[in-house]
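Here's a quick walk through one model, done as questions and answers. Have the viewer open and follow along.

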Amino acid sequence: MHRPLRLTVDRTAIQENWRWLQDRAGVPAGAAVKADGYGLGARETAHALYQAGCRDFFVSTWAEADALGPLPLGASVVVLHGVGPKDVDASQTISARPCLNSVEQVARWKDIAPDRPCDVMIDTGMNRLGLRPTEIGALDGLEIDTLHSHLACADEDSPMNPMQLERFRAVASAVPAKRYALANSAGICLGRAYSFDLVRPGLSIYGGIPREEADGKIRNAVRVDAQVVQRRTIPAGESCGYGATYVAKEPTEAAILNIGYADGYLRSFSSRGSAFAGEFALPVLGRVSMDLIAVGVDAAPALREGDWVEIDYDLPSAAKQSGLSQYELLTTLGSRFERRWL
Ligand SMILES: *Cc1c(COP(=O)(O)O)cnc(C)c1O
């Protein structure tokens, strides 16, 4: 069936972004493919990155590990949320390692799989997931593949960064593990002191720019196109869309496009987003509807029903337009797109 909106993912961009992150880190890079590969497709991303040399893949839940399906030889999958009371069966049938986050999870894992390696998350100050440094006694007897911590403020120049680094160094020297890992995409930008043995980028693989160090190095990997449903002229003094928030000062040409907030093009793009027709920017006129937006097309006199229009979804600039984070821009992309991998 024809779908009037399209999401195109650039496999080469994904691979090159990952390689830049690995080179910058100077140690092997894994890949966060949780949330279905940040909305773009976990399987496709994992296979593309395996080809590029990636061997460590991170998901949030056992359901996500299951959905990822089997990966080629040598790849490992880590479940970041660890093993909860309802995950016992899944953890015994799915070949992934849990990243244990609490004394309770450690005890559970020792109970159900005393001989299988696991990962462990240490909380060095974010107070989200992980064992406190004072709780590491509970880790005795575990076979730890990778000991992790996670940075709360790596996208800023915050005193939290060196503080978490120091705390993680201290814990790492006290807890034996095959590898140690701290940095996400932004952490990789902070410098090699944060690299340890493995890094865990997510956002920047998919084209997100968390810090200026990545600017000009990481490139956009997604393209969003929507088809014109109709073209119309808004008479002077009349409005367009819900709430009549846009009023045409003079007769204004508009194209109504097949995309809306149900596709993840959220209402925060109302009167702020834009699209492209060739080199012309077409402003979003008024509110984003569930399934439609209007863009001004005075600059594109030839544009008509059935033509495709590229939405400005360059992550840093779309984030500025909408006030959404680059993470949200990726992960909210809906299910109605025809998805293509180049
Ligand atoms: C999501 C996640 C990452 C990836 O972070 P980005 O900011 O997307 O690079 C790394 N580590 C952990 C623990 C995560 O949850």
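Q: Is E338 buried, exposed or partly exposed?
A: In this predicted model, E338 sits in strand β17; strands here are DSSP runs of E with at least two residues, helices are runs of H or I with at least four, and both are numbered from the N terminus. Burial goes by relative accessible area with a 1.4 Å probe and protein chains only: under 20% is buried, over 50% is exposed, and in between is partly exposed. At 26% relative accessibility, E338 therefore counts as partly exposed.

Q: What ground rules apply to the numbers and the residue names?
A: Residues are numbered from 1 along each chain as its sequence is written, and side-chain values use heavy atoms, with hydrogens and water left out. Since this is a predicted model, local features need pLDDT of at least 70, while totals for chains, interfaces and linings use all residues, and side-chain atom pairs count only at pLDDT 80 or more.

Q: How far apart in space are R339 and L7, C-alpha to C-alpha?
A: R339 lies in strand β17, residues 338–341, and is partly exposed because its relative accessible area is 33%. In sequence, R339 and L7 are 332 residues apart. In space, their C-alpha atoms are separated by 4.9 Å.

Q: What's the C-alpha distance between E338 and I293?
A: Along the chain, E338 and I293 are 45 residues apart. Their C-alpha to C-alpha distance in space is 18 Å.

Q: How many helices and strands does the protein chain have?
A: The C-alpha trace of the chain spans about 75 × 45 × 35 Å along its principal axes. Of its 342 residues, 53% are buried. The secondary structure comes to 10 helices and 17 strands.

Q: Which residues come nearest to the ligand?
A: A residue is near a molecule if one of its heavy atoms lies within 4 Å of it. There are 14 residues around the ligand. The ones that come nearest are K34, Y38, S185, L203 and Y327.

Q: How does the shell around the ligand divide into nonpolar, polar and charged residues?
A: For the classes, Ala, Val, Leu, Ile, Met, Phe, Trp, Tyr, Cys and Pro count as nonpolar, Asp, Glu, Lys and Arg as charged, and the others, Gly among them, as polar. On that basis the shell splits into seven nonpolar, four polar and three charged.

Q: How much of the ligand's exposed area does the protein bury?
A: Start with the oxygen atoms of the ligand: one is 2.5 Å from an N or O atom in the side chain of Y327, and a backbone N or O atom of G202 lies 2.8 Å from a ligand oxygen. A polar side-chain atom of N184 also lies 3.2 Å from an oxygen atom of the ligand. Taken alone the ligand exposes 390 Å², and the share that the protein buries is 92%.

Q: Is K34 buried, exposed or partly exposed?
A: K34 lies in helix α2, residues 34–38. Because its relative accessibility is 25%, K34 counts as partly exposed.

Q: What is phi of Y38?
A: Y38 is found in helix α2 and is buried because its relative accessible area is 7%. Its phi is positive, in a residue other than glycine, with a value near 50°.

Q: Where does S271 lie?
A: S271 has phi near 55°, a positive value in a residue other than glycine. Its 46% relative accessibility is why S271 counts as partly exposed. As for its place, S271 lies in the loop between β12 (252–257) and β13 (274–277).

Q: Which side chain makes a polar contact with the side chain of R97?
A: R97 is in strand β5, residues 97–100, and is buried because its relative accessible area is 11%. A polar contact is a pair of N or O atoms within 3.5 Å; within protein, one must be able to donate a hydrogen and the other to accept it, and residues adjacent in sequence count only if both atoms are side-chain atoms. At 2.8 Å, the partner of R97 is D119.

Definitions and conventions. Accessible areas come from the Shrake-Rupley method with a 1.4 Å probe; for residues, only the protein chains shown count as cover.
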